[in-house]
Amino acid sequence: MKKLKTVIIGCGNICLAHGYPLAYENDVELVAVCDIKEERAMSIAKQLNCKYYTDYKKMLNDEEVDAVHVCTPHYVHHDMVIYACNLGKHVMTEKPMSITLADAEEMISVAKKNNVYLGVIFQNRFNSSSQLIKKTLVSGELGKIKSAKATVTWNRGDAYYNSSDWRGDLEKEGGGVVIDQAIHTLDLMRWLISDEIEFVQANISNKIHDKLKVEDSAEGIIKYRGGVISSFYAMNYYSCDAPIEIELHCENGIAKIIGSKGNVIFNDKRQYIADVDESEKEKFGPFNKDCWGISHIKQINDFYNTIRNGGEQYITA
């Protein structure tokens, strides 16, 4: 089988969460990485044993590649994805897909027009805990969802924002705790509820980070068309990164995710439990942070399997 060739744009913190999984893909070759900071690009290229560039357009025009990973600041996702799709490249972009709805819709449209796949990283849907609860909901064992709630209480201090020239800037980050820290948890809750949203009623504010122009706290409700009302609370000025929590109250029991652990407790006292497979964690551990988990590799595998075999990605744009 011919190897699929790929590149990574952006050599920041999340880059290795894409680079190491690609090293385990027998039928994928990482050709090059790119970053506007040459020293950073050179360092990552050395770690991943590939070439490096400082201009993503030059890289995409010089190299014959099938797919592109976009691991850059939020505000440039749109332009980079559009450029790659128009060259006929499949694209996997980090979350958030974009910082405006209009940009996201254009990205989907351009990918369809060029007949290429566009993936967006929401790797935690592949976690064992998420999969257990999804399976139990889909099977009907838990019955209808009556209500749901989600909580994210993390710590992102001044040092976190001062280390970047784009975080905390509304025009570049697109928002604060919602679009950056809580996005995975809100995505999981909606994915588990599996219904269209009727309305959102929420409040956002900046309580602690005086110099920032983005929110550091958010709370509200999300009402779904089927009648489920879910509540959420997110903030990033806690003293540590506490485990995220999701709870779904259902007709036949309660489903919970706390950190990496999933637990389904039925009204008749039966329980299902799922957690991280430690052997899997050890194998793919070099790029891990607890809040990222170990499932980038699972979503990336699915992306390349879809490119090879056709059909629909497990997580579509």
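This is a predicted model: local features need pLDDT of at least 70, side-chain atom pairs count only at pLDDT 80 or more; totals for chains, interfaces and linings use all residues.

Colleague: Which residues are the closest to the centre of the largest pocket?

Modeller: On a 1 Å grid over the protein atoms alone, a pocket is an open set of points where a 1.4 Å probe fits, with protein on both sides within 12 Å along at least five of seven lines; lining residues have an atom within 4 Å of a point. Points are joined across faces, edges and corners, and the volume is the space filled by probe spheres set on them. The largest pocket holds about 1300 Å³ of space. Of its 40 lining residues, the closest to the centre are Phe122, Ile183, Asp187, Arg190 and Ile197.

Colleague: Which element gives the most to the lining of the largest pocket?

Modeller: Helices (H or I, at least four residues) and strands (E, at least two) are DSSP runs numbered from the N terminus. The lining of the largest pocket has 40 residues, and the elements that give two or more of them are H5 (101-113), H9 (177-181), H10 (183-193), E8 (197-205) and E9 (217-224). With five residues, the most comes from H10.

Colleague: How many residues of the lining of the second largest pocket are charged?

Modeller: The second largest pocket has a volume of about 1000 Å³. Its 41 lining residues include Asn13, Thr72, Pro73, Trp166 and Arg167, which lie nearest its centre, and the elements giving two or more residues are helix H4 (77-86) and H9. Ala, Val, Leu, Ile, Met, Phe, Trp, Tyr, Cys and Pro count as nonpolar, Asp, Glu, Lys and Arg as charged, and the others, Gly among them, as polar. This lining divides into 16 nonpolar, 14 polar and, for the charged class, eleven.

Colleague: How far apart are the end C-alpha atoms of H12?

Modeller: The expected span of a helix is 1.5 Å times one less than its number of residues. Helix H12 (residues 296-309) has 14 residues and should therefore span 20 Å, which agrees with the separation of its end C-alpha atoms, 20 Å.

Colleague: Which elements do the buried residues of H12 pack against?

Modeller: Buried means under 20% relative accessible area, exposed over 50%, and partly exposed in between (1.4 Å probe, protein chains only). His296, Ile297, Gln299, Ile300, Phe303, Tyr304, Thr306 and Ile307 are the buried residues of H12. An α-helix has 3.6 residues a turn, so residues three or four places apart point the same way. The buried residues of H12 pack against E1 (4-9), H1 (15-24), E2 (28-34), E4 (67-70), E5 (90-93) and E6 (118-120).

Colleague: How far apart in space are Ile297 and Gly311?

Modeller: Ile297 is found in H12, and it counts as buried because its relative accessibility is 4%. Ile297 and Gly311 are 14 residues apart in sequence, and their C-alpha atoms lie at a distance of 19 Å.

Colleague: Is Lys223 buried or exposed?

Modeller: Lys223 is found in E9. Leaving aside neighbours within four places in sequence, Lys223 is in contact (heavy atoms within 4.5 Å) with Ile197, Glu198, Phe199, Val228 and Ile229. Its relative accessibility is 17%, so Lys223 counts as buried.

Colleague: What is omega for the cis peptide bond from Lys95 to Pro96?

Modeller: Pro96 has its place in the loop between E5 and H5. The cis bond from Lys95 to Pro96 has omega near -15°.

Colleague: What is phi of Lys269?

Modeller: Lys269 is found in the loop between E13 (261-266) and E14 (271-274). At 70% relative accessibility, Lys269 counts as exposed. Its phi is positive, in a residue other than glycine, and is near 80°.

Key. Residues are numbered from 1 along each chain as its sequence is written. Side-chain values use heavy atoms; hydrogens and water are left out.
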